[in-house]
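Subject: Structure for you to look at

Hello,

Please find the structure below, followed by notes on what was found in it.

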Amino acid sequence: MAGKRKGSAKRPPAAVGDVYGRLAITEVLDRRQNSRGEWMPWVLVECSCENRTRKEIRLSSLRSGNTRSCGCLASETTRARTTTHGDHQTRLYGIWASMKYRCKNTTHRNAHRYSLKGVTVCDEWQDFVAFRDWALVNGYMDGKEIDRIDTSLGYSPDNCRWVTKLENLANRAKYLPADLEEWLHAHARRTGSSPYEVIKAALEVYLGVSRTGA
């Protein structure tokens, strides 16, 4: 008698409680006909994720490994791939992202001072982790801003430092006459504010209207 063809043994039927990946069978359903006229076994499953999502699925999809979760596993994998450092919500990440954006975007409101002027971010700092590691050992703290020592050069470890807002403003290109610039910064220091805030307050008094008013 001819022997059985290899692989022809039937697999045991599905049972409540069987687990495939994150999915556990909670109910064995009736067979359903596919597009080729074949009757396929279906089951109701529940995912072990926090949402406890339940869905009906072909048993073959579970057993082949094509379906291992309600979709949460793929979402987590994608999120982990794009947020390997876990710092996307931090202030430091925002500084890094803004730095790269203004050096690439030619429609940025300050494009004339960055992208259109040829200011770039060095290759090393294209990776956030490298930027973060440099920042944490070079004086970064909340309230400080990144500043280019030589404003004609780009962002790199040897041309950047962490400074207060007032120090950062003092290092920018001068647009006012030297004597007015000097008075502006001196007054800002006396009042514990910034040159921007001094100018804003003066304009509001002169115009008799607040910039944030209706």
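Glu56 counts as partly exposed because its relative accessibility is 41%; buried means under 20% relative accessible area, exposed over 50%, and partly exposed in between (1.4 Å probe, protein chains only). The side chain of Glu56 meets that of Arg32 in a salt bridge of 2.6 Å, N to O. This pair links distant parts of the chain, with Arg32 in strand 3 (residues 32-33) and Glu56 in strand 6 (residues 54-58), 24 residues apart. Arg32 is also partly exposed, at 31% relative accessibility. A salt bridge here is a side-chain nitrogen of Lys or Arg within 4 Å of a carboxyl oxygen of Asp or Glu. Helices (H or I, at least four residues) and strands (E, at least two) are DSSP runs, numbered from the N terminus.

This is a predicted model: local features need pLDDT of at least 70, side-chain atom pairs count only at pLDDT 80 or more, and totals for chains, interfaces and linings use all residues. Residues are numbered from 1 along each chain as its sequence is written, and side-chain values use heavy atoms, with hydrogens and water left out.

The structure holds six salt bridges. Glu46, Arg52 and Arg54 are linked in a network of them. Glu46 meets Arg52 at 3.0 Å, N to O, and in its salt bridge with Arg54 the closest N and O atoms are 3.8 Å apart.

Of its 214 residues, 29% are buried. The protein exposes about 14,700 Å², and carbon and sulfur atoms supply 52% of that area; accessible areas come from the Shrake-Rupley method with a 1.4 Å probe, and for residues only the protein chains shown count as cover. Among contacts between residues at least 6 apart in sequence, 40% join residues at least 24 apart, where contact means heavy atoms within 4.5 Å.

Helix 3 (residues 91-104) has 14 residues and should span 20 Å at 1.5 Å a residue; its end C-alpha atoms are 20 Å apart, which agrees. The expected span is 1.5 Å times one less than the number of residues. Buried residues in helix 3 include Leu92, Tyr93, Ile95 and Trp96. Among the elements that cover the buried residues of this helix are helix 4 (128-136), strand 7 (145-148) and strand 8 (160-163).

Asn105 lies in the loop between helix 3 and helix 4. Is Asn105 buried or exposed? Asn105 counts as buried, because its relative accessibility is 17%. Its side chain makes a polar contact with the side chain of Tyr101 at 2.7 Å, and another of 2.5 Å joins the side chains of Asn105 and Thr107. A polar contact is a pair of N or O atoms within 3.5 Å; within protein, one must be able to donate a hydrogen and the other to accept it, and residues adjacent in sequence count only if both atoms are side-chain atoms. Leaving aside neighbours within four places in sequence, Asn105 is in contact with Ala111 and Ser115.

Pro157 sits in the loop between strand 7 and strand 8. Its relative accessibility of 28% makes Pro157 partly exposed.

Regards
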